[in-house]
Amino acid sequence: MNQIDELLATYDKQGNSIDPLPRSVVHTKPVTHWHGVVNVWLVNRAGQLMVSKRAENVGGNPGKWQTYFGGHVPAGMSYLETAVKELQEEVGLDISADSLHFIDKGQFANEDHLHFYESYVYLFVGQPNDLDFTDNEISEAKWMDMEVYEAARAEHPEQWCNACNPDNQKRIKDWLSTLKQIKFTL
């Protein structure tokens, strides 16, 4: 099955699961079908975000920087299962679901998307060149301090296609702080 025919998990306006639909139907404009997406931020112990630049040849937001990895929730998969799958496919990380920390969930609607989302964070102890971008969706990746990211996005919003808002940055920093406390008390 090609990507356009992939069955996606779909929902009613209240977030209740309904029959899955092909990606092509879900993305037909005007959009009328709610569907699920996952976002996963990679962070290091210093609290930096892994930012990545989308390849010029991808369909959505070519050449723009993004703060997370992720994708659509396929029919029959949970958000968490999808997050694990997306990290494997997009960056070659083979992780367990319990290594992801839940950050946020909600819904987002505009003229292009009707999304229910869940967001997670993963503590990555490697470097960008340790990741495997075999799906060719990413052309570059680097660590970036959250404050530097905020300034870059404010100065050149046209160069960014998704965000790590201040509330989620705080949740990530609080989680990292908890990890540091656990490490020192063991």
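The legends below describe an overview and several close-up views of a predicted model.

**Figure 1. Overall fold of the protein chain, with 4 helices and 9 strands.** From the N terminus on, the order of elements is β-β-α-β-β-β-β-α-β-β-β-α-α. The C-alpha trace spans about 50 × 35 × 30 Å along its principal axes. A compact globule of 186 residues would have a radius of gyration near 16 Å, so the 17 Å of the protein chain agrees with that expectation. Of the 186 residues, 42% are buried. Among contacts with a separation of 6 or more, 61% are between residues 24 or more positions apart.

**Figure 2. Helix α2 and the elements that cover its buried residues.** Helix α2 comprises the 13 residues 79–91. At 1.5 Å a residue the helix should span 18 Å, and its end C-alpha atoms are 18 Å apart, which agrees. The buried residues of α2 are Tyr 79, Thr 82, Ala 83, Val 84, Glu 86, Leu 87, Glu 90 and Val 91. Their cover includes β1 (7–11), β3 (34–43), β6 (69–72) and β8 (114–123). After the helix comes Gly 92, which has a positive phi near 75 degrees.

**Figure 3. The largest nonpolar core, of 28 residues.** The members that touch the most other members are Leu 42, Leu 87, Leu 93 and Leu 100. At least two residues of this core come from each of β1, β3, α2, β8 and β9 (138–144). The most is given by α2, with 5 residues. Another core lies apart from this one; it has 17 residues, including Trp 65, Leu 123, Met 146 and Ile 172. In soluble globular proteins, nonpolar side chains tend to be buried together.

**Figure 4. Surroundings of Leu 87.** Residues up to four places away in sequence are not counted here. Leu 87 then touches Val 40, Leu 42, Phe 69, Gly 92, Leu 93, Ile 95 and Leu 100. Leu 87 itself is one of the buried residues of α2.

**Figure 5. The antiparallel pair of β1 and β2 (residues 17–22).** The two strands pair over 4 bridges. Leu 8 stands opposite Leu 21, a residue of β2. The hairpin has 5 residues between its strands, and Gly 15 in this hairpin takes a positive phi near 90 degrees.

**Figure 6. Ala 141 in strand β9.** Ala 141 counts as buried because its relative accessibility is 17%, below the 20% limit for a buried residue. Beyond its neighbours within four places in sequence, Ala 141 is in contact with Met 50, Val 51, Ser 52, Pro 128 and Phe 133. Asn 129 is 12 residues from Ala 141 along the chain, and their C-alpha atoms are separated by 8.0 Å.

**Figure 7. Asn 162 in the loop between α3 (146–155) and α4 (166–185).** With a relative accessibility of 8%, Asn 162 counts as buried. Its side chain reaches the backbone nitrogen of Thr 67 at 2.7 Å. Apart from neighbours within four places in sequence, the residues in contact with Asn 162 are Trp 65, Gln 66, Thr 67, Tyr 68, Tyr 149 and Arg 153.

**Figure 8. The cis peptide bond between Lys 29 and Pro 30.** Omega of this bond is about 0 degrees. Pro 30 is in the loop between α1 (23–26) and β3. Its relative accessibility is 67%, so Pro 30 counts as exposed. Asn 168 is 138 residues from Pro 30 in sequence, and the two are 30 Å apart in space, C-alpha to C-alpha.

**Figure 9. Asn 61, a residue other than glycine with a positive phi.** The phi value is near 55 degrees. Asn 61 belongs to the loop between β4 (49–54) and β5 (65–66). A relative accessible area of 35% makes Asn 61 partly exposed. Most residues other than glycine have a negative phi, and most peptide bonds are trans.

Conventions: Residues numbered from 1 in each chain as written. Predicted model: local features only at pLDDT ≥ 70, side-chain atom pairs only at ≥ 80, totals over all residues. Heavy atoms only, no water. Expected span 1.5 Å × (residues − 1). Buried < 20%, exposed > 50% of the residue type's maximum accessible area, 1.4 Å probe, protein only. Contact = heavy atoms within 4.5 Å. Core = buried A, V, L, I, M, F, W, Y, C linked by side-chain atoms within 4.5 Å. Pairing = 2+ DSSP bridges. Polar contact = N/O pair within 3.5 Å; in protein donor to acceptor, adjacent residues only side chain to side chain. Rg over C-alpha atoms; globule rule 2.2 N^0.38 Å.
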